[in-house]
Amino acid sequence: MRGEDPLSLWRRLCVRSGVSLGGLQSGRKDELGTVLAGAALAFDEGVDYTEAEVNAKLKAWLDGPGAMLATDHVELRRTLVDMRLLGRDGFGHAYARTSDAERFRPALTGLAGIDLGAVSAEARDAVVDARAARKHAWEQRPEDARPDAGDERWMREAIALAREAQMRGEVPIGAIVVQDGRVTGRGGNAPIENSDPTAHAEILALREAASATGNYRLPGAALYVTIEPCVMCAGAIMHARIARVVFGARDAKTGACGSVVDLFAERRLNHHATVVAGVLAGECGALVSEFFATRRQAAS
C-alpha cells in the first residue's frame with residue numbers, strides 16, 4: 001500500500017469529500033481496498049443479514065465513517081458483492097461477510113477491531129480545527145497588514161488596467177508591481193487574447209517587472225491587484241519574493257489570500273508576503289460584478 005498502513009491511509013481518505021467508487025476502481029486500488037474493507041467491517045463475520053439489514057447498516061456507515069464517499073447504499077452494497085466482500089444467496093435474501101477476497105486481506109486485517117467512526121470523526125475534527133486556526137491567524141495578522149497612505153493611488157492604476165482588460169472582453173482585473181516608488185510592471189487580464197491560461201493580470205505584471213529589472217526575484221516590491229489572487233498567482237508572487245500584496249475585492253471562489261485558502265499564512269511555505277485586503281474593494285468588485293451581469297444579460 002505504497003508503504004502506508006491501512007489505518008494511516010484511512011485517516012487520509014476519510015477527511016476527503018465527494019470520493020466516487022468509480023474513480024477509485026479506475027486506478028486507486030489501494031484506496032478502493034481500504035474503503036471497501038472499512039465498509040465490510042461494518043458486518044460481523046458468520047452472521048447472516050437480510051437485504052433490509054444490509055441496507056440499514058450501509059446507510060449508517062455512509063453517514064459516519066464512510067461520509068467521504070459520493071455514493072448510496074445500493075451502489076455500495078452491489079460493489080461489496082461484486083468484490084466478494086459480501087456473499088449473497090442465489091435469491092438475494094441473505095447476505096454475509098466473506099473473508100476469501102485475498103486482495104482485501106491486508107486492509108481487512110489492518111482495520112479490524114478499530115472504531116473507524118471515532119477515527120474518522122477525530123480526523124475530520126482536526127481538519128476543522130486547523131481551518132479555524134488559520135482563519136484566526138488571518139484575523140489576528142499584524143497591524144502592518146493595513147493600507148498605507150499611497151495604496152489607493154497605486155490601486156487606481158491597477159483599476160485602469162482592469163478597465164482596459166474589460167474593453168478587450170477579458171474579466172476586468174488589473175495589477176501593477178511597484179518598486180522604490182515607481183511602477184516596474186503592469187498587467188491586465190489576457191488569457192483569452194493570449195490563448196494562455198496563465199495570463200492573469202498578476203502574472204503579466206510580474207513578468208514585465210522581472211524583465212525590467214533583469215531579475216526573476218523582486219525583493220522589497222509591492223504588487224497591487226484589483227481582485228484577490230488565485231492559487232496560481234499566489235505561487236508566482238511567492239517565487240518572485242514580493243514583500244507586500246495589496247488587493248481590492250475578495251474572490252469567494254478562488255481567492256488564495258484567505259477567502260478559500262490562505263497560502264501566505266501557510267507556515268510550511270518558505271516565503272510570506274504581507275497581505276493587505278480591501279483597498280478600493282467596492283470599486284474593484286463592482287467592475288467584475290458588472291462584467292458578468294452584462295454577460296448573463298447578453299446570453300439570456
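Phe292 is partly exposed, because its relative accessibility is 34%, a value that falls between the 20% and 50% cut-offs. This comes from a predicted model.

**Aromatic pairs**

- The model holds 3 aromatic pairs.
- One of them joins Phe43 and Tyr49, whose ring centres are 5.2 Å apart and whose planes are 75 degrees apart, an edge-to-face arrangement.
- Phe43 and Tyr49 are both buried.
- Another is formed by Phe291 and Phe292, with 5.2 Å between the ring centres. The planes of Phe291 and Phe292 stand at 80 degrees, so this pair is edge-to-face, because the cut-off for that class is over 60 degrees.
- Phe291 has a relative accessible area of 7% and is therefore buried, since the limit for buried is under 20%.

**A charge over a ring**

- Arg153 sits over the face of Trp154, and the distance to the ring centre is 3.9 Å.

**Helices α10 and α11**

- Helix α10 covers residues 201–213 and helix α11 covers residues 231–239.
- The axes of α10 and α11 come within 9 Å and cross at roughly 20 degrees. The two helices are therefore roughly parallel, because the angle is under 35 degrees.
- The crossing of α10 past α11 is left-handed.
- On the α10 side, the contact is made by Glu202, Ile203 and Leu206. On the α11 side, Met232, Cys233, Ala236 and Ile237 take part.

**Arg182**

- Arg182 belongs to strand β5, which spans residues 182–188.
- With a relative accessible area of 52%, Arg182 is exposed, because the cut-off for exposed is over 50%.
- Arg182 and Arg77 are 105 residues apart along the chain, and their C-alpha atoms are separated by 65 Å.

**Asn55**

- Asn55 lies in helix α4, made up of residues 51–63.
- Asn55 is buried, because its relative accessible area is 14% and the limit is under 20%.
- Apart from neighbours within four places in sequence, Asn55 is in contact with His73 and Arg77.

Key: Residues are numbered from 1 along each chain as its sequence is written. This is a predicted model: local features need pLDDT of at least 70, side-chain atom pairs count only at pLDDT 80 or more; totals for chains, interfaces and linings use all residues. Side-chain values use heavy atoms; hydrogens and water are left out. Rings of Phe, Tyr and Trp (its six-membered ring) pair if their centres lie within 6.5 Å; planes under 30 degrees apart count as stacked, over 60 as edge-to-face and the rest as tilted. Buried means under 20% relative accessible area, exposed over 50%, partly exposed in between (1.4 Å probe, protein chains only). A charge sits over a ring if NZ of Lys or CZ of Arg is within 6 Å of the ring centre and within 35 degrees of the ring normal. Axes are lines fitted to C-alpha atoms, for helices over the stretch in contact, and angles run from 0 to 180 degrees between N-to-C directions. Helices (H or I, at least four residues) and strands (E, at least two) are DSSP runs, numbered from the N terminus. Angles under 35 degrees count as roughly parallel, over 145 as roughly antiparallel, 65 to 115 as roughly perpendicular and the rest as oblique. A crossing is left-handed if the near helix is turned anticlockwise from the far one by less than a right angle, and right-handed if clockwise. Contact means heavy atoms within 4.5 Å.
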